[in-house]
Every structure is written in structure tokens, then in C-alpha cells.
Amino acid sequence: MTNKTLQSFLPRKGITIISGYTDADMLVYVAAYELDKDNSIEISFPKGHRFKDGQFVTLHLDNRSGVEEYDSDLRVYRTSYRGIVSNIKGNYIKVLPKEFMCYYSNDCVIKYVSPDFEYDLVNEINPLPESGIKHSELRWTGREYENKLGVLITRLKEYPHSSLMAFLSTECDDIFLITLKSLFKSSVIHRDNRCCFAIDHRSDFVFEKAYDWNYTILEADAYTVSDSNPVFEEIQSRFVDKNPWEASFFLSPEVEMFHLKPTKILMPDTI
């Protein structure tokens with residue numbers, strides 16, 4: 001694909017969302033990263049971590065700044081990076097690459113696959129339960145218009161899968177997403193509806209805050225919002241209002257809508 005490294009497309013230092021499994025639970029943290037020339041990544045955690053040597057993890061990386069700039073083609077460099085933990089020293093770990101694809105819009109600009117890496121092929125598509133949320137429970141806030149993008153973290157067998165997505169949120173932290181039925185992220189969430197969602201608050205960043213405070217990470221269960229659901233049109237209309245240049249996508253008959261109902265707040269309060 002190219003001889004360039006991830007440093008050619010992403011900041012050498014920045015903030016990452018890192019996730020992995022411990023027994024049946026998913027671990028998700030906000031951490032600082034530093035890219036090495038060999039595409040390995042050094043991670044530092046502000047409040048500690050629970051990862052172990054040899055553990056598989058997934059990192060979400062992108063080149064967004066604190067000011068949200070989002071267009072219909074998602075013209076930011078972004079990658080879901082899968083790797084293995086090594087060299088743990090207190091709040092610092094090193095992650096060695098196993099697989100990543102860095103995208104700009106729909107174009108893959110750099111790709112790496114370790115010879116021993118095996119993809120999790122999702123062939124089992126299950127119907128999700130229908131969301132029972134009512135119009136009276138859709139208490140919107142102005143905050144959802146400031147934060148245009150979040151990171152959805154879904155469950156593959158060995159590594160979580162991460163996706164950068166537009167979203168809506170309510171005062172009760174209900175999250176709504178719209179995506180194409182044909183995409184991989186949709187098949188993953190249909191196989192296992194347990195997921196996490198990271199809301200980026202850097203659009204109203206202040207330097208007095210620790211960087212991990214600028215995210216909210218929610219553990220959630222996913223439900224479908226079918227086009228016959230009484231709240232579907234209201235939510236769809238709000239997506240169009242938030243990103244009017246994306247109207248043709250949000251109004252497409254090929255999309256599906258998800259409601260992420262939070263079960264736990266993973267950050268900013270605890271590790």
C-alpha cells in the first residue's frame with residue numbers, strides 16, 4: 001500500500017481510546033500515546049490501568065483537533081489499531097501492531113497485517129430488540145450539537161472494534177447512531193449488542209482540565225429503532241439538523257438507527 005508509517009498521517013503524540021477484555025468485561029480508557037517509527041505505540045495512563053502483558057487491545061487514533069470539523073466524507077485520518085501489550089512499567093505500556101488500516105474518507109492510505117493475525121468473520125446476524133424509548137424521554141440538550149463525533153466500541157472475539165461516528169445524545173445519556181446496514185460495524189453489533197461509546201468533549205476544552213476529563217465513556221446495550229418506531233422520524237430529523245450536509249445519507253432507505261441505552265459510566269469517574 002505504501003512504505004510510509006502511521007507517523008506520516010497521524011500526530012506523533014496525542015490522545016487515544018484504548019480497549020480490551022478482561023473475562024467478560026470490556027476495559028476502555030482514555031490515554032496519551034506516542035507513535036514510534038516501527039508503528040508500535042507507547043501508552044501512558046493518568047490513573048492507572050488493568051491491562052496485562054500479552055493482552056490483545058484495540059486503539060482508536062485520529063487527527064482531529066479540539067475544534068470539531070466534520071463533513072460528509074469524514075475527511076480525517078483515522079484508524080482502528082489492533083495490537084498486543086508488552087513491556088508494562090506502572091502506568092506505561094507498549095503496544096506492538098498486529099493489524100491496522102488507516103483511512104481518509106473511504107480511502108485506505110496505509111495498511112498492516114501481521115502474518116499470524118486472523119480476522120474475525122461475522123456471519124451470525126441476530127435481530128436486535130426494538131427500543132422502547134418514548135418522545136417524552138427524548139430530552140435533548142444543546143451539547144449534542146457541539147460534539148459531532150464519538151467512538152463506538154463493539155465486540156469482536158479477541159479484539160474490540162472501534163468506529164468514528166456521528167451521534168445524538170440526550171440529557172439521560174441515551175445515544176443514537178445511524179449507519180448503513182451493509183457495514184461491518186452493523187454486523188458486529190447485531191451479533192453482540194453490548195458496546196461502549198466515547199463522547200469527545202474537546203470542542204469545549206479548557207487547559208485547566210485533565211485531558212481524560214474531556215471524554216465521557218459509557219457502557220451500553222444497543223437496540224434498534226426501526227422506521228416504524230414512533231420516535232424514528234424525530235431522531236432522523238435531528239441528525240439532519242445537526243449535519244445538514246449529510247441529509248442524503250441520514251435519509252437514505254439503506255440506513256439503520258441504533259439506540260445505545262447506558263448501563264454504566266466508565267469515565268470520567270473511575271478506571
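Let us start with how the chain is connected: among contacts between residues at least 6 apart in sequence, 68% join residues at least 24 apart. The model you are looking at is a predicted one. Its chain contains 14 strands along with 4 helices.

Of the 271 residues in the chain, 53% are buried. The chain exposes about 12700 Å², and 50% of that comes from carbon and sulfur atoms.

Now for the interior. In soluble globular proteins, nonpolar side chains tend to be buried together. Here, the largest nonpolar core has 24 residues, and the members that touch the most others are Ile-18, Ile-43 and Phe-51. Two or more residues come from each of these elements: strand S2 (25-35), strand S3 (41-44), strand S4 (56-62), strand S5 (77-89), strand S6 (92-104) and strand S7 (107-113). The most is given by S2, with 5 residues.

Leaving aside residues up to four places away in sequence, Ile-18 touches Leu-27, Val-28, Tyr-29, Ala-31, Phe-45, Phe-51, Val-57, Thr-58, Leu-59 and Ile-93.

Finally, let us move to the surface. Val-113, Tyr-119 and Leu-121 make a nonpolar surface patch of about 290 Å². To find Leu-121, look in the loop between S7 and helix H1 (143-146). Is Leu-121 buried or exposed? Leu-121 counts as exposed because its relative accessibility is 63%, and exposed means over 50%.

Technical notes
Residues numbered from 1 in each chain as written. Predicted model: local features only at pLDDT ≥ 70, side-chain atom pairs only at ≥ 80, totals over all residues. Heavy atoms only, no water. Buried < 20%, exposed > 50% of the residue type's maximum accessible area, 1.4 Å probe, protein only. Contact = heavy atoms within 4.5 Å. Areas by Shrake-Rupley, 256 points an atom, 1.4 Å probe, with all protein chains shown as cover. Core = buried A, V, L, I, M, F, W, Y, C linked by side-chain atoms within 4.5 Å. Patch = residues over 30% accessible without salt bridge, like charges linked within 9 Å, V, L, I, M, F, W, Y side chains within 5 Å. Salt bridge = Lys/Arg side-chain N within 4 Å of Asp/Glu carboxyl O.
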